Amino acid sequence: IVPQTKFFHNYDVDTACTPEGLLSIPVDEGDEACPIHLVEVMKRCLEEVYVEAHEGEVPHWKQAETSVVGTPPGAGADDAPGGRTTFQRKILPLDALGLALDRHGDARGRNAAGGRRADLVVCASLIDKVPNLAGLARTAEIFAADCLVVPDLAVKKLDNFKSISVGAGDWVDIKEVREKDLLGWLRKKRAEGYCVVGIEQTSSSTCITETVFGGKTVLLLGREKEGIPVEYLQEVDRCVEIPQMGIIRSLNVHVSGAITMWEYTKQTMVKK
């Protein structure tokens with residue numbers, strides 16, 4: 001914090017606006033004046049403070065520290081709609097500086113945007129292609145899924161995952177369940193009252209347009225080419241398939257997952 005304190009202590013607005021101050025502005029490579037923009041300097045200072053406070057572990061989205069606090073009378077805090085807890089921002093000018101706020105309210109079943117999370121768990125433990133996992137993370141965050149299950153949490157650190165998911169990995173809850181542990185995990189979720197729905201073309205599959213979603217649901221996605229192996233189909237309560245009018249045998253697994261997530265969300269919205 002010492003460099004930032006020194007900067008603001010030495011910065012003199014009155015002097016900077018005088019002819020002498022204007023003439024002292026450095027010149028760039030094109031021989032043009034290149035004044036230091038105060039807002040940009042403040043932004044860099046805040047980023048440095050954040051790095052120092054978090055020991056260099058800065059996420060893709062620069063986030064502000066937030067905490068649940070009691071708002072004293074007359075503090076002027078905003079009243080959050082829908083019974084949401086009011087949060088006090090420890091650093092106030094972050095929105096103007098373009099820094100994202102840290103997510104809050106997870107413990108109360110709310111997503112990063114403050115909306116109610118769906119009772120939907122998207123299981124992608126059988127998927128190994130990063131673009132598909134990233135696309136599912138983005139879709140799961142958009143439709144406020146409770147969480148996304150992946151085979152390896154290390155995928156969140158990959159640059160192409162961050163790029164394709166557009167930072168969704170910072171906002172949606174992502175958990176790890178390796179394929180070797182998937183059967184036991186599915187049985188546990190069923191014991192917890194979840195309905196396991198597989199996206200697969202089987203002899204007993206129902207069309208997604210005729211499927212009624214609702215309640216606690218685990219959406220099981222198959223492998224990119226083989227689909228859902230038979231040993232996992234035995235733990236599925238029902239299978240749904242998406243109608244197709246072309247000659248291609250199947251949709252991309254991310255696309256199938258996105259369509260089904262939207263169908264679940266649409267039916268949930270209608271019921272509300």
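Val255 is partly exposed, with a relative accessible area of 34%. This valine sits in helix α10 of a predicted model. Together with Leu251 and Ile259, Val255 forms a nonpolar patch on the surface. The accessible area of the three residues together is about 190 Å².

Thr260 also lies in helix α10, which covers residues 253-271. Thr260 is buried, because its relative accessible area is 2% and the cut-off for buried is under 20%. The side chain of Thr260 reaches the backbone oxygen of Ser256 at 2.9 Å. Leaving aside residues up to four places away in sequence, Thr260 touches Ile199, Ile208, Phe213, Leu219 and Ile242.

## The nonpolar cores

The largest nonpolar core has 29 residues. Within this core, Leu148, Phe161 and Leu221 touch the most other members. Two or more residues come from each of β5 (120-123), α6 (130-142), β6 (147-150), β8 (195-199) and α10. Helix α6 gives the largest share, six residues.

Leu148 has contacts with Val122, Ala124, Leu133, Leu136, Ala137, Asp173, Ile174 and Lys175, not counting residues up to four places away in sequence. There is also a second, separate core of 17 residues. Among its members are Val121, Val149, Leu186 and Val218.

## Salt bridges

Side chains of opposite charge can pair when their charged atoms come close. The model has 10 salt bridges. One of them joins the side chains of Arg117 and Asp146, at 3.8 Å from N to O. This pair links distant parts of the chain, 29 residues apart. Arg117 is in the loop between β4 (100-101) and β5, and Asp146 is in the loop between α6 and β6. Arg117 is buried, with 17% relative accessible area. Asp146 is partly exposed, at 22%.

Asp181 pairs with Lys180, and their closest N and O atoms are 3.4 Å apart. Asp181 is partly exposed, with a relative accessible area of 37%. Lys180 counts as exposed, at 69% relative accessibility.

## A further pair and a network

Glu192 forms a salt bridge with Lys189. The closest N and O atoms of this pair are 3.1 Å apart. Glu192 counts as partly exposed, at 35% relative accessibility. Lys189 is buried, with a relative accessible area of 13%. Elsewhere, salt bridges that share partners join Arg187, Arg190, Glu235 and Asp237 into one network.

Notes
Residues numbered from 1 in each chain as written. Predicted model: local features only at pLDDT ≥ 70, side-chain atom pairs only at ≥ 80, totals over all residues. Heavy atoms only, no water. Helix = DSSP H or I, 4+ residues; strand = E, 2+ residues; numbered from the N terminus. Buried < 20%, exposed > 50% of the residue type's maximum accessible area, 1.4 Å probe, protein only. Polar contact = N/O pair within 3.5 Å; in protein donor to acceptor, adjacent residues only side chain to side chain. Contact = heavy atoms within 4.5 Å. Core = buried A, V, L, I, M, F, W, Y, C linked by side-chain atoms within 4.5 Å. Patch = residues over 30% accessible without salt bridge, like charges linked within 9 Å, V, L, I, M, F, W, Y side chains within 5 Å. Areas by Shrake-Rupley, 256 points an atom, 1.4 Å probe, with all protein chains shown as cover. Salt bridge = Lys/Arg side-chain N within 4 Å of Asp/Glu carboxyl O.
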